Amino acid sequence: MNKINKINKNEFKKQVKDYLKVLSRKSIEEANDQQIFQAVSYAVKDIIVDQWMATHKKIEDDDAKVVYYLSMEFLMGRALGNIIINLSSNKEIKEAIEELGLDLNHIEDQEPDAALGNGGLGRLAACFLDSLSTLGYPAYGCGIRYKYGMFKQAIKDGYQVEKPDNWLKYGNPFEIKRPEYAVEVKFGGYVTVRRDENGRDRFMQEGYQSVLAVPYDLPIVGYNNNVVNTLRIWDAEAVDTFNLDSFDKGDYQKAVEQENLARTICEVLYPNDNHMAGKELRLKQQYFFVSASIQRAVSKYMENHDDIHKIYEKVCFQLNDTHPTVTVAELMRILMDEYGLEWDEAWYITNRTCAYTNHTIMSEALEKWPLELFSRLLPRIYQIIEEINRRFIIQIQQEYPGDDEKIRKMAIIYDGQVKMAHLAICASFSVNGVARLHTEILKKQELRDFYLMMPEKFNNKTNGITQRRFLLHANPLLAEWVTKRVGNDWITDLSKIEGVGIYAEDELSRKEFMNIKYQNKVRLAEYIKENNGIEVDPRSIFDVQVKRLHEYKRQLLNILHVMYLYNELKKNPGMEFYPHTYIFGAKASAGYRRAKAIIKLINSVGDVINNDKSINGKIKVVFIENYRVSNAELIFAASDVSEQISTASKEASGTGNMKFMLNGALTLGTMDGANVEIVEEVGEENAFIFGLSSDEVINFENHGGYNPRDIYNLDSGIREVLTQLIDGTYSNNYDEFRELYNSLLDGAGNAPDQYFILRDFRSYDEARRKISEAYEDEERWARAAIMNVAKAGKFSSDRTIQEYVNDIWHLDKIEVEV
């Protein structure tokens, strides 16, 4: 590995001062916090620009194959601290900053989280980019430069309030605008066909609206290896900025029509699609960034190659879930309409260039577009998908003669819908799930017909996380504890962390480990006090559930059980109960009414319990506002218990479970997603497993036999909790939580208790009681926590990426010298 040149502290200090002058016309003494952050960031960017340029020169010189990772989301978190860590220059830069009379941690806190993602899908993409650079593989991330992200969450009177996340208010010091690579993206209009001089039909899109896609590049710095890959996010600009003729005629709306179209595309992540306008905007966004990315990738390939037919040897498009699936048709369009290839030639190339990752078992989450919307907005793309569908149906008929049911289940266009997952599977050379259980369920349940027809495409790539952000950066005390015992090779090879396992038997190491956990809990308690105004005891058990809010993730089970425990304490004030702090963090989609009601319930329960002096602080309930990567780093480091309680068979993988594990939290979970593999690694004795198995859930769903009212009628404790949802205990409005109540007993539009909350309640209660018993035995708990850290090696995104490289992408490493 080519080591990075160490930072010259005096030169760095001079650059910070110079940038303050150039950017702000201020000295250090005069500058405010944001101005200092900008200056430090530009000085750090100066360090990596030569490596960035050298990386791309090396890729060109080696004619290296490149993977383009296409994703609607990249949940990057703050950049400055991560870049400094990966430069392996934290000590030098921190000292230089201190010599300037400044504090690096305070400077890092001035950076807003980049609002380019929301949940696990986007954070996985960010981890993957980090691993690709650290392992030295050529890659681009491709996405959208959202102005306001999904939203900035505020909690007002217990309710979620969505506010614009204006993360670009002061600009992004790490991005570089690349207008020279702008491309045009077309929407609407109609398709005409003309015969060329060779007698071939040529398809032309006319009468369309268009926008200019302009790329902004962000550096993705590998750890201590000079490799800097690129996250390319696309912004939309008007092709013609301002129509002066329309303005002069008084048609002011028409004068700025193109600007408005462009601005709308990149304003927010996942616009509410409960209405047709929202659906149309989502589809526009998907085609916008896909078309721009594919156009530029093909052009870049052709700058150094003569034959488009061999592009698959040097380019791979990885589709991160169904959102980028229009890649298939867009690549076909470019190959046929712009490079003149015949259908079979274009299809041969596309089949060898596109690979698809499925991230969900939930059939409703597999995107389907109304045919009239799709054909109107993307007329040429729709024509191509129609033809792919026609040919695919012929294949199905040849494979399964007379079986119309197969066509119904597998067709890409059916019942007035364009089914994007079906298109992705049909056209890709690889289809992977993201945890072993998830992949097996795809093969046996959701995508069974596809698996039976094309088993060679299916494979598993269990997700992973980057230890560099979630241990080295987020938990420096524990990172130092690990390094003292096993050296620092774990930073780039997490399997080496297994060596700390022997220290689970060392009394001094256990005490040091638990003291580190306590210090991290104090840090989080201070954050909670400052942001929530709630005092929590760092000696209590920090029981944490932080993740996107969805009913299948069962935050409702968690808070219902907290209500139950509170009831028990009120009835039996003298009962033995180890103090607990229950911590939640989650955003609910703006249009997801029931999920937002769960947030309100959590806050309402917290208001009652936290203000009840009679229980002597034995239970505290905290909802952390605006959960994001930067506060997640504080939370993972401080957690004792990792709540991974999704309904078995519903969670594809989860990656929060891995971040908690790496930081020494014990898993309380169902055998779902990657939990299965975590328990395999760490052992059942070092986790707390409860609830139905995935097979049992699937059996109930397919054959019935579960009636939540039976439990409600027979279990007085559960009945009391449910009654409290509607009797005014937690709200003066008796109907506030009635929909939640109805969903558990009557279904409210779905099967009653669709996610088996009441069915798993008692098993969950038993598991939580075991946690309290285990925690009171500090020696036992410390052993289990250390073993969780030791067994986290499998769950590095470095391992996952190496598997993608070996089995799907077939990339070669590059070595960059500066």
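## Start at glutamine 754

Select glutamine 754, a partly exposed residue with a relative accessible area of 29%. On this tour, buried means under 20% relative accessible area, exposed means over 50%, and partly exposed is in between, with a 1.4 Å probe and protein chains only. Before you go on, note that this is a predicted model, in which local features need pLDDT of at least 70 and side-chain atom pairs count only at pLDDT 80 or more, while totals for chains, interfaces and linings use all residues. Residues are numbered from 1 along each chain as its sequence is written, and side-chain values use heavy atoms, with hydrogens and water left out.

**The loop around glutamine 754**

Glutamine 754 sits in the loop between α30 and α31. Helices here are DSSP runs of H or I with at least four residues, strands are runs of E with at least two, and both are numbered from the N terminus.

Is phenylalanine 756 buried or exposed? With 5% relative accessibility, it counts as buried. Check its backbone too: phenylalanine 756 has a positive phi of about 60°, although it is not a glycine.

**Serine 88**

Jump to serine 88 for another non-glycine residue with a positive phi of about 60°. You will find serine 88 in the loop between α3 (80-86) and α4 (90-99). Its relative accessible area is 21%, so serine 88 is partly exposed.

**Alanine 114**

Next, select alanine 114, in the loop between α5 (104-108) and α6 (120-135). Alanine 114 is buried, because its relative accessibility is 12%. Which residues does alanine 114 touch? Leaving out residues up to four places away in sequence, alanine 114 touches Gly77 and Trp167, where a contact means heavy atoms within 4.5 Å. Show valine 629 as well: it is 515 residues from alanine 114 along the chain, yet their C-alpha atoms are separated by 9.4 Å.

Glutamate 685 is in the loop between α26 (675-682) and β23 (688-689). Colour it as exposed, since its relative accessibility is 58%.

Glycine 499 lies in the loop between α20 (476-486) and α21 (507-532). It counts as partly exposed, at 29% relative accessibility. From glycine 499, draw a line to arginine 469: they are 30 residues apart along the chain, with their C-alpha atoms separated by 20 Å.

**Into the cores**

Now hide the surface and show Phe12, Val44, Phe288, Phe374 and Trp809, the residues with the most contacts inside the largest nonpolar core, which has 158 residues. A nonpolar core is a set of buried Ala, Val, Leu, Ile, Met, Phe, Trp, Tyr and Cys residues joined through side-chain atoms within 4.5 Å. Which helix gives the most to this core? Helix α2 (residues 33-62) does, with eleven residues. Apart from this core lies another, of 120 residues, among them Leu662, Val697, Leu745 and Ala784.

Zoom in on tryptophan 809. Not counting residues up to four places away in sequence, tryptophan 809 touches Lys65, Val67, Tyr69, Leu132, Cys316, Gln318, Ile801 and Tyr804.

**Zoom out**

Finally, show the whole chain, with its 33 helices and 23 strands. Its radius of gyration is 27 Å, close to the 28 Å that the globule rule gives for 818 residues, so the chain is as compact as a globular protein of that length. The radius is taken over C-alpha atoms, and the rule is 2.2 Å times the number of residues to the power 0.38. Along the principal axes, the C-alpha atoms fill a box of roughly 90 × 75 × 60 Å. Of the 818 residues, 62% count as buried. Among contacts between residues at least 6 apart in sequence, 77% join residues at least 24 apart.
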